[in-house]
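Good morning, colleagues. Please bring up the sequence and the structure so that we may go through them together.

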Amino acid sequence: MHEALQRHCNSESGAQGKEARERVSSIRIFAILVTVFFLAGQPAHAQSDEAAGPVPPNRSYMLLREDEDWSFLRDRSLRQDFWDPIKYIPLRGDADDWYLTIGGEAREVWEQIGNDNWGQSPYWNGYLNERYMLSFDIHYGKLVRTFVELKSGLNSFRRGGPRPIDEKKLGFQAGFLEVGTSSGANSVALRAGRQELEYGSGRLIDVREGPNVRLSFDGFMVKSKIDSWRIDGFAMRPDLDNPGFFDNAPNHAVGFWGVYATRPLPRKLSLDAYYLGLDRKEATFERGTAREVRHTLGARISRPIATERPAWDFDYEGLGQFGTFGSDNIRAWTVASETGYRFPTMRFKPRFSAKADISSGDHPSSNTLGTFSPLFPKGNYFGVLATTGPGPINFIDVHPRVEGTLPKDVTASFDWIFQWRESLDDGVYAVPGFLIRAADGSRARFVGQRPGIEIRWQTTPHMWFQADYGIFYAGRFLKETRPGRNLNYWALWAGYKF
């Protein structure tokens with residue numbers, strides 16, 4: 001990544017420089033894909049560092065509530081929480097696999113943004129976001145289930161009114177029927193209806209947890225388990241979040257399909273490999289607006305953060321994109337990395353990490369669109385400044401971070417991100433993918449830097465509080481294209497889950 005940063009921070013021009021960049025990106029992606037698929041061929045058994053013995057019940061609340069399994073509460077001796085009686089409600093006296101699980105969430109966030117888009121909105125904008133969700137997971141034996149989740153997102157006091165990510169008065173976040181063949185190591189299940197998608201680290205497909213209104217999709221999914229592999233195939237349309245009551249509908253201007261496969265590897269490693277397709281009738285980049293048909297091939301290899309003894313963790317991902325944009329071709333790519341080391345046996349359990357990422361930008365004078373698309377990424381892609389600031393498009397970043405655990409279940413982190421443009425002919429884009437600052441003839445590469453701090457207090461298994469603060473110092477590119485003011489952000493969060 002250091003070599004990539006050095007190469008791309010030097011100005012290049014002309015056809016020869018462009019060809020060199022394309023060769024470098026192709027070699028990089030090919031090397032990563034070869035590495036991860038070679039590792040995939042190793043057997044996934046014999047993880048000697050795993051402790052033997054029965055696995056305790058998982059009482060954690062998942063990002064996707066549909067992934068929770070509370071069936072262990074059929075044993076009444078395991079019930080210890082106030083909410084346990086509604087986590088396993090038997091529906092038939094003669095069959096303990098007919099049951100209902102009820103879950104929910106309430107979240108309040110006060111956000112304050114100063115100089116949004118670096119001064120295009122030159123004032124402080126403070127507002128309250130409220131989120132309420134309620135889910136019903138009904139199991140009709142081992143092979144059939146329905147899952148329904150209601151959502152309500154409310155916004156108050158925001159100047160300019162709520163954005164689509166801020167408000168949805170009441171609607172269905174999810175509502176699907178799932179029918180499976182078995183629950184064993186080799187199984188297939190068909191799921192139809194409104195669903196949430198979340199894969200890998202959320203760089204490409206995520207529920208958009210940071211913003212007030214989460215993202216959902218309408219369509220079909222086939223979920224399978226084949227030996228050590230978990231393979232999902234899906235065909236979806238993203239859900240249009242209209243602000244009223246039960247008025248959401250699939251976005252017929254966007255089609256999304258793909259296959260996503262994961263499996264464990266030795267030494268606690270995990271491998272992801274995927275193909276994703278996107279069809280948008282109208283897509284807008286620096287070069288203009290046209291129909292976009294984009295294909296993504298990629299792979300990811302990762303190791304989780306250490307919990308018992310000091311160890312390295314990492315998350316490396318590389319992908320290439322191709323397709324058509326109007327009459328032009330698409331050729332784009334990204335490489336993302338995070339490497340960390342945690343000391344769980346030391347006081348405060350410190351972890352030191354660094355991210356280094358790069359994604360391709362465009363050269364509008366060519367007949368090939370080079371702008372990388374993050375598809376449907378997580379809202380808080382870079383942590384603090386979840387709903388504002390630059391996104392992971394046409395960028396190079398270096399992102400060190402230090403975090404630790406304090407007494408009373410308090411965690412704290414401090415990070416500092418530095419961002420540049422990969423292509424000097426392309427602009428700066430928001431996290432969802434729309435252009436927020438055109439190149440406008442500036443040849444400056446440095447976009448800016450942002451220090452940030454986050455403190456979270458998990459007071460009980462159900463309740464948590466959080467405080468974020470960040471300031472994005474405008475770099476030369478933002479100052480030359482104007483306005484180039486520093487952007488401030490802070491937020492106070494409170495949440496409760498059951």
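Predicted model: local features only at pLDDT ≥ 70, side-chain atom pairs only at ≥ 80, totals over all residues.

Residues are numbered from 1 along each chain as its sequence is written, and side-chain values use heavy atoms, with hydrogens and water left out.

The protein has five helices and 23 strands; these are DSSP runs numbered from the N terminus, with helices being H or I of at least four residues and strands E of at least two. Of its 498 residues, 51% are buried, a term that means under 20% relative accessible area with a 1.4 Å probe, protein chains only. Contact means heavy atoms within 4.5 Å. Among contacts between residues at least 6 apart in sequence, 60% join residues at least 24 apart.

Let us take Glu66. Where does Glu66 lie? Glu66 is in the loop between helix 2 (14–40) and helix 3 (84–87). Glu66 counts as buried because its relative accessible area is 5%. Its side chain makes a polar contact with the side chain of Arg191, at 2.6 Å. By polar contact I mean a pair of N or O atoms within 3.5 Å; within protein, one must be able to donate a hydrogen and the other to accept it, and residues adjacent in sequence count only if both atoms are side-chain atoms. Leaving aside neighbours within four places in sequence, Glu66 is in contact with Asp137, Arg145, Phe147, Phe176, Arg191 and Glu196. Glu66 and Glu196 are 130 residues apart in sequence, yet 9.1 Å apart in space, C-alpha to C-alpha.

Arg191 brings us to the second largest pocket: Arg191 is among the residues nearest its centre, together with Asp67, Lys223, Lys225 and Arg230. A pocket, on a 1 Å grid over the protein atoms alone, is an open set of points where a 1.4 Å probe fits, with protein on both sides within 12 Å along at least five of seven lines; lining residues have an atom within 4 Å of a point. This pocket is lined by 48 residues. By class, the lining has 14 nonpolar, 14 polar and 20 charged residues, where Asp, Glu, Lys and Arg count as charged.

Finally, Asn155 is in strand 4 (residues 144–156). Asn155 is buried too, because its relative accessible area is 11%. Its side chain makes a polar contact with that of Asn129, at 2.8 Å.

Note on methods
Buried < 20%, exposed > 50% of the residue type's maximum accessible area, 1.4 Å probe, protein only.
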